[in-house]
Amino acid sequence: MAWHGIEGHDALLSQFRAALGRGRLASTFLFVGPSGVGKRTFAEKLAQALLCSARPVELLDPCEQCDSCRQVLAGAHPDLLRVAKPEGKSELPLALLIGEGETRMRTGLCHDIALKPFMGGRRVAIIDDADDLNTEGANCLLKTLEEPPPRSVIILLGTSAERQLPTIRSRAQLVRFRPLERELVATILERQGVVSDHGMALRWAALSQGSVAKAIEMADAELWAFRGQLIAGLSRVPLASRELAVAVTAFVDAAGKEASEKRIRARQVLEFAVEFYTGCLRGVCRADTANEGVLSQAIDRRLAQPVEVSGLEAALERTLDAVEHVERNANQATLIECWLDDLARLLDRHGWRELPAA
Ligand SMILES: [Zn+2]
């Protein structure tokens, strides 16, 4: 049974219920896991349950009807504080935590969380984009985390524990959110009306790394057309890296004016390449694969040529490395160019050469 529409995290829910049943809820939580798996939704629902005035908190089952529940749903509950990185910023602004100018230390989350609850018995804060908390911000937050105001709960949301500053990590209870199962992602896509064809839903889900948000990004016909062009290019020997770089850059630039739109596309392209090289390696090992037509043809074409497993491994590793960098890189064109140049070089070095013409 889905918990208020949230699926895939029942084990975590049980842990929270057990902690509340024993009256031992921590004051600070660090939720980590890939984006789009439901961390924020879970945090919001947890906050709603903690603030609900109609049901005992240990049930963790907000009534959805009381004034408190309705205000949480409307984003207007005075005891629920939220901060997130504004669009276009690379860090969580300090002002959101401690105020600025004349109101410095008299506004902001660190001040507000210590106020007496207005409605219920608690204050709850959700700090989104905790990955982008800088050292100064983390230090400001530290005092609050070291001496949490009575009956306050702070939930930080990030993608991995490793990306958090040690000062924060050591003072928060870590809660890991796992990627959703492929079938579950597909079901959610169909239920939300994103796609009606089950086979298509499964294909997008397979590329989503367990994230509904990523699966929704796949709902783009141009993207799928380009994917065919890309994997055909990757299957060619030798790799025409310059030519491919021009095509990929043009495709990424066409995503839109915003850097965030280009970043999403660059990541998608790289993930298609990860899929291609993973498929090649599985093909070499003769592992069972369920690749759809275009991909399996490209892999067969590639594997019909001389193949060095070490070359494929190096190409996969370099591509995964590029995926890591795409989130932090402002200039996608340079990233793509370097990635493809390196691929050509690595494949060549590992003896992955063209067969002489017959
Ligand atoms: Zn309620």
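Glu-64 counts as partly exposed because it has 14 C-beta neighbours inside 10 Å (buried takes 20 or more other C-beta atoms within 10 Å of a residue's own, exposed 12 or fewer, partly exposed lies in between, and C-beta atoms are placed from the backbone). Keep in mind that this is a predicted model, where local features need pLDDT of at least 70, side-chain atom pairs count only at pLDDT 80 or more, and totals for chains, interfaces and linings use all residues. Residue numbers start from 1 along each chain as its sequence is written. Helices (H or I, at least four residues) and strands (E, at least two) are DSSP runs, numbered from the N terminus.

- Most residues other than glycine have a negative phi, and most peptide bonds are trans.
- Glu-64 has a positive phi, near 70 degrees, and sits in the loop between α2 (39-51) and α3 (67-73).
- Gln-209 also has a positive phi, near 50 degrees, in the loop between α9 (198-206) and α10 (212-217).
- With 18 C-beta neighbours inside 10 Å, Gln-209 is partly exposed.
- Val-237 and Pro-238 are joined by a cis peptide bond, with omega about -5 degrees; Pro-238 is in the loop between α11 (221-234) and α12 (241-253).

**Around strand β4**

- Six of the seven residues of β4 (residues 152-158) are buried.
- β4 pairs in the parallel sense with β1 (residues 28-32) over five bridges; two strands pair if DSSP finds at least two bridges between them.
- Strand β3 (residues 123-127) pairs with β4 in the parallel sense too, over five bridges.
- Ile-154 in β4 is the bridge partner of Thr-28 and stands opposite Ala-125.
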